Amino acid sequence: MTSASAPEHTAEQTSADLVDAVRAVWADALETDLAAVPADASFLSLGGDSVLAVRMAAMLRKRLGTPLALADVRVEQNAAQLAALVHERSAGSGTGALRPLPLDLRRREDPDAPFPLLPLQQGYFVGQQDAWELSYRSAHHYVDIGLEDIDADEAPEALQDALERLAEHQAVLRARILPDGRQRILPLDDPEAVPQLQVTDLRDADEETAAARLAEIRHEMSTEGPDPSRGCGLDMRLTLMPGDRARLHSSTSLLIIDGWSSGVFYRDLFALVSDYNAVLAPLDIDYGDYVTTLRDLPGTEAWQQDRDWWWDRLDDFPLPPALPLVADPAEVRPTLMGTRQAVLAPERWSALRRLCTEHGVTPSAAMFAAFAAAVARACGHRRFLLNTLQLNRLPLHPDVSRLVGAFSSTMLLPVELPAAPVFADLAGRAQQDIGDALAHNLITGVEVSRELGRRRGTHRPVAPVVFQSTLGVDAALGSEVPQEAGPLGAIDLLSHHQQLRTPQVALEVRLFELRGELVVVFSLVEELFAGADVDRMFADLMATVESLVEPEGWAAVVGLPDAVDGEQDGPARQTSGRRLSVPAAERGAEPGPPRDDVERAVAAHWRKLLDCPVQERTADFFALGGDSLLAVRMLASLAREGLGRVTPRRFLRQPTVAGLAAALREPDDR
């Protein structure tokens, strides 16, 4: 595959020209003047972060013709250093200092043809089949926000019109997930393609009645989210309240919209609501083009290098934190995740960000360090595995940052905290570890988790404690959500209510900005934890965050447990139901060849599906090269052939030929 041609440099062009070109890109990305971007100042010190670096890398590719990978663009670099790397790439120096972005995005020949799910989409899709512990019928995020001074007569029509125009502009809003685990875009003339607004008029209701109805809507949309395998992946509603007030409700499937996309979606939507004549800048590509291009990624040397980097480290990965539990994750059937939420006022958040810059770390790295310390104190040890959610948009085309879609991926981060660190050192270490992992982002955390599960002999979630930060997205998108939106009136983002449902997650911290405030949210499976333990951990985290507003907080010694790890609750021992860990798989069957017709039928089916010999009844589906998506397809095929119906969750208990055959002989227990 060819990459974009590099610009020609004449002998008269000096390195200063290239440095100035990089500085100009940075100035535009950071929305500042060129004079405010010294050549020797790092992107981080100027206010950049890893999220904004995605946009910056795409701008460099477009303006300079140099296909930089995100691994090349470190926030610690200054403009002179990055210019030197661009020069090496352009000159084809072969020094090994850079790796080229391995793909060029191309348009699909048939925009109506199905295309694959990305790894995290696969995880969400399989989770909706009741495949995992801590699964839900739909993986989605619900939020409603306040509206003031709404034009109740005009707003519903304007909002529906905006949804229709936006569904034409952002094709993924018309996406459907097929039974075989692929996705496709419905044509605009399909009657079910465009999201349909639902309006509830409570203007004449008394406050008590209106509040009760609002609570009903919230509960329904939180627990019964949209599922693009059955219909539209977006459920939007408008509740008209007394006194020219309203609530705008939105449930979005995580299969089609991620955190970055949510920002794009609301900006585009409110722009269209505000002006019937508004026209959004056209997109040269769509989400399907991006995903289809990534099919070639595993064949590239860069992908293989990233795989080797992760695979070489997996055997040394720690277990997840041994947080105290009141129930076994395998036994609970949650319908809604609980929430704890707090905010840091704008002036305090601004002060904290300034101190992050002074210490050479991004706000996300500082918050990760604070969360890791709180987790360590809650679980009683300093070495554990955390999961992170990354806005992993490869800069394959300048329009990638403007697309709505499910681009996000996970990234596993082993944490090994020193005994008594100063917080500034802890944050610096987090910055380095996150940067090193992001430099190998062509392999997603879902793929790493699958391999880690294979090596540990478990099909339970290997990293169910998650850190998610969308700090910096507003800057990367170039604007905040507007304060007003025509007939919708004034948008009060600070008056919001939200719920999250995401599979395989026991506890997740989310950090984002609203109107200058830092918002910190715990989303958790309440059935797993004692409420007092969660409250204590959340208060501990917020106390650390509050302390970082002052320089003394960065110089303070962080109190941490004496114990290094919690592996006494590890894979060699079944969970007691009291600690979060990764237990061993169930004991397998007696070895030997398949013993009866059912086992022989399963072996034959696997042999055809996986294209490999299946001679042992103890052969493991995943060790043979299967994955969770193939497992769902395989079980559906067995059911169609009349061999029996087995849920993915039941299959995962013992995913061997003998184990599946035994499940097929018995009634399934949902």
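Two strands count as paired if DSSP finds at least two bridges between them. Helices (H or I, at least four residues) and strands (E, at least two) are DSSP runs, numbered from the N terminus. The model is predicted: local features need pLDDT of at least 70, side-chain atom pairs count only at pLDDT 80 or more, and totals for chains, interfaces and linings use all residues. Residues are numbered from 1 along each chain as its sequence is written, and side-chain values use heavy atoms, with hydrogens and water left out.

**View 1. The open sheet β5-β6-β7-β2-β12.** This sheet has 5 strands and mixed pairing. β5 (198-201) and β12 (490-501) are its edge strands, each pairing on one side only. From one strand to the next, the twist averages 15° (axes are lines fitted to C-alpha atoms, for helices over the stretch in contact, and angles run from 0 to 180 degrees between N-to-C directions).

**View 2. Pairing and helices at β6.** β5 and β6 (residues 234-241) run in the parallel sense and share 4 bridges; T200 has T239 in β6 as its bridge partner. Helix α5 (residues 155-169) packs on the sheet through β5, β6 and β7 (245-253), and its direction makes about 170° with that of β6. Contact here means heavy atoms within 4.5 Å. Helix α7 (residues 259-274) lies across β2 (140-148), β6, β7 and β12, at about 50° to β6.

**View 3. The open sheet β8-β14-β13-β11-β9-β10.** Its 6 strands show mixed pairing. β8 (338-344) and β10 (409-416) stand at the edges with a single partner strand each, so one side of each has no neighbour in the sheet. The twist averages 20° from one strand to the next. β11 and β13 (residues 507-514) pair in the parallel sense over 5 bridges, with Q468 opposite R510 in β13. Helix α10 (residues 346-358) packs on this sheet, touching β8, β13 and β14 (517-524), and its direction makes about 80° with that of β8.

View 4. A cavity is a set of points, on a 1 Å grid over the protein atoms alone, where a 1.4 Å probe fits but cannot get out; lining residues have an atom within 4 Å of a point. Of its 27 lining residues, S50, V51, Q390, I434 and L438 are the closest to its centre. α2 (50-64), α11 (363-379), β9 (383-390), α12 (423-438) and β11 (465-469) each supply at least two residues of the lining.

Conventions: On a 1 Å grid over the protein atoms alone, a cavity is a set of points where a 1.4 Å probe fits but cannot get out, and a pocket is an open set with protein on both sides within 12 Å along at least five of seven lines; lining residues have an atom within 4 Å of a point.
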